[in-house]
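Have a look at it, then read on.

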Amino acid sequence: MSCSVRLDGVTLDYFIYSVKAQSLRNAVFNLAVGGNLYKSQGDVTVVRALENINIDLEEGDRLALVGHNGSGKTSLLKVIAGIYEPQKGRVEVKGKLTSMIAHGAGLDLDLSGLQNIRKMGAMRLLPKKVVESRIDSIVEFSELGDFVRLPVKTYSSGMMARLMFACATEFDADILVLDEWLGAGDAAFFQKASTRMQGFVDKAQIVVLGTHNFHLVQVACNKVIELAAGRAVFAGTTADWAAWRNQ
Amino acid sequence: MEAIQAAFRDLIDGVRLAPLWLTLGWDQTASRFRRTVLGPFWLTANLLAMAFALSFIFGGLLGNGNWRSTFSLMISGILCWSITGGYLGDASNTFISAGDLMNTMRLPLTFHVLLMMYKNVINFLAQLIALWIVLFLLKLGAVPDISLLLGLPIVLINGIFLSLIIAMPATRFRDINQTIVVSVQILFFLTPVFWPPAQMQGKRSLILTLNPFAHLLELIRQPVLGHTPSLIHWEWGIGLMFVLGATAVTMLTFYRKRIVFWL
């Protein structure tokens with residue numbers, strides 16, 4: 001099956017509501033003086049999170065999003081995952097998408113590792129049989145051993161990252177959207193994770209990865225977008241990016 | 001135009017995700033009663049306690065002194081209210097409590113409403129079976145009317161549209177949730193949940209004829225007790241479905257994209 005990710009001039013604004021702006025009383029007063037219930041009332045701050053972002057990914061592309069904290073990496077990942085719909089621009093995603101953006105997102109802390117694997121499988125609408133058949137390889141890849149029988153709340157953040165990554169990559173998705181939580185794993189896991197991501201080229205899958213780890217970018221990704229204040233200051237191949245950074 | 005299509009697509013996609021909300025709703029109901037002794041029977045216990053207390057008081061107030069005469073009306077009223085008006089508190093918090101999930105994966109807004117409604121339906125059906133058993137044991141039972149199979153879907157579709165209409169602004173303005181809690185309490189008294197409609201006389205009977213919740217309530221309570229609802233209740237139920245449906249689609253058209261930023 002063919003898959004692709006295409007973003008065309010995407011611009012995303014956040015509307016930040018203060019406590020005052022969340023009150024209906026103030027909205028009604030604003031209405032009385034000619035304001036609009038949903039627009040332009042006091043204490044709404046507009047933050048431009050992304051401006052004119054263009055992405056074009058084909059099968060086998062592994063894109064790294066890099067940039068300082070608050071540069072728009074997670075916002076862009078959320079736009080690709082369809083969680084946010086941009087005010088301007090077009091988003092075209094073809095293929096089955098799995099997103100694991102926040103650390104521990106989708107995990108139920110009271111359930112055991114095994115139950116969480118089943119839950120995440122169910123959330124992706126996979127048949128029970130398929131999920132059961134993947135459990136062994138997920139447990140093996142995550143190296144959790146007997147910990148899979150314990151509630152996830154007893155896990156370290158590195159262990160959660162292993163479990164999430166194993167699930168995300170074992171359940172057949174065409175497009176994977178992952179954020180920085182991957183960095184919670186140790187060096188050995190990192191090695192495994194980057195090897196596995198390189199394997200996506202053969203399976204013609206797309207990976208979009210938000211990260212601060214330059215090593216990971218260089219070993220696992222073939223394209224890079226560097227963001228600064230919501231704008232793409234660099235977009236191109238990993239080799240070009242390394243050269244661009246060294247200037 | 002694109003926005004209207006997206007609104008309809010949201011509704012359709014929500015319904016299509018039935019396998020997911022059916023599984024999740026069941027799991028969440030089960031986990032709600034984890035580590036309790038009575039489990040889901042807590043709901044039944046709550047219903048019975050409420051019905052006996054109200055029958056005891058109002059059986060006396062209504063003058064015939066016999067709690068049995070009002071018991072079936074009250075217990076069925078309280079139960080049916082949970083699905084005609086009682087869920088509105090849950091409804092206003094739909095998106096706020098689904099916030100984590102909404103920030104994790106892409107799901108239509110309708111999905112979250114259907115999940116919330118389905119959990120209420122599970123509770124309702126579990127208690128309905130308990131209700132029929134209790135009425136049977138008390139020798140007050142009657143064979144349920146077949147029109148329940150039509151009345152219940154009408155009530156539920158109205159509930160889904162109404163939940164969408166309430167949940168959207170309630171996410172933006174947190175005063176609305178509090179207003180709903182108060183309103184549901186008042187509506188509980190204004191709707192013939194625990195008083196016999198026939199006893200309401202004079203101008204005040206307008207709260208029966210003009211209260212949509214009264215009509216929706218009768219659409220399920222009558223069949224539960226073995227009667228067929230009268231035509232006026234069907235007219236209101238079906239009419240409301242179109243009014244609320246149109247309102248819900250309009251609101252989805254304008255505000256669908258923004259909800260996630262309001263969380």
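## Ground rules

Helices (H or I, at least four residues) and strands (E, at least two) are DSSP runs, numbered from the N terminus. On that basis, chain A has 9 helices and 9 strands.

This is a predicted model, where local features need pLDDT of at least 70 and side-chain atom pairs count only at pLDDT 80 or more, while totals for chains, interfaces and linings use all residues. Residues are numbered from 1 along each chain as its sequence is written, and chains are lettered from A and ligands numbered from 1 in the order in which they are written.

## Chain A

How much of chain A is buried? A residue is buried if 20 or more other C-beta atoms lie within 10 Å of its own, exposed if 12 or fewer, and partly exposed in between, with C-beta atoms placed from the backbone. Of the 247 residues in chain A, 39% are buried. Then there are contacts: two residues are in contact if their C-beta atoms, placed from the backbone, lie within 7 Å. Take the contacts in chain A between residues at least 6 apart in sequence, and 71% of them join residues at least 24 apart.

N52(A), with phi near 50°, sits in strand β2 (residues 44–57). E143(A), with phi near 55°, is in the loop between α4 (128–142) and α5 (157–170). N52(A) is partly exposed, with 14 other C-beta atoms within 10 Å, and E143(A) also counts as partly exposed, with 14 such neighbours.

## Chain B

Chain B has 14 helices and 0 strands. Its radius of gyration (taken over C-alpha atoms) is 19 Å, close to the 18 Å that the globule rule gives for 263 residues, so chain B is as compact as a globular protein of that length. That rule is 2.2 Å times the number of residues to the power 0.38.

Along its principal axes, the C-alpha trace of chain B spans about 60 × 50 × 35 Å. Buried residues account for 40% of the 263. Of the contacts in chain B between residues at least 6 apart in sequence, 79% link residues at least 24 apart.

## Helices around α9(B)

Axes are lines fitted to C-alpha atoms, for helices over the stretch in contact, and angles run from 0 to 180 degrees between N-to-C directions. Helix α9 (residues 148–172) of chain B packs against helix α13 (residues 231–255) of chain B at about 30°, with axes 9 Å apart. That makes α9(B) roughly parallel to α13(B) (angles under 35 degrees count as roughly parallel, over 145 as roughly antiparallel, 65 to 115 as roughly perpendicular and the rest as oblique). Residues making this contact include F161(B) and I165(B) from α9(B), and L244(B) and M251(B) from α13(B).

How does α9(B) lie against helix α12 (residues 212–224) of chain B? Their axes come within 9 Å and cross at roughly 155°, which means that α9(B) is roughly antiparallel to α12(B). In this contact, residues including L148(B) and L152(B) of α9(B) meet residues of α12(B), among them L216(B) and I220(B).

## Where the chains meet

The contact between the chains takes 19 residues from chain A and 14 residues from chain B. On the chain A side, β1 (4–17) and α1 (24–32) each supply at least two residues. The largest share of that side, 3 residues, comes from α1(A).
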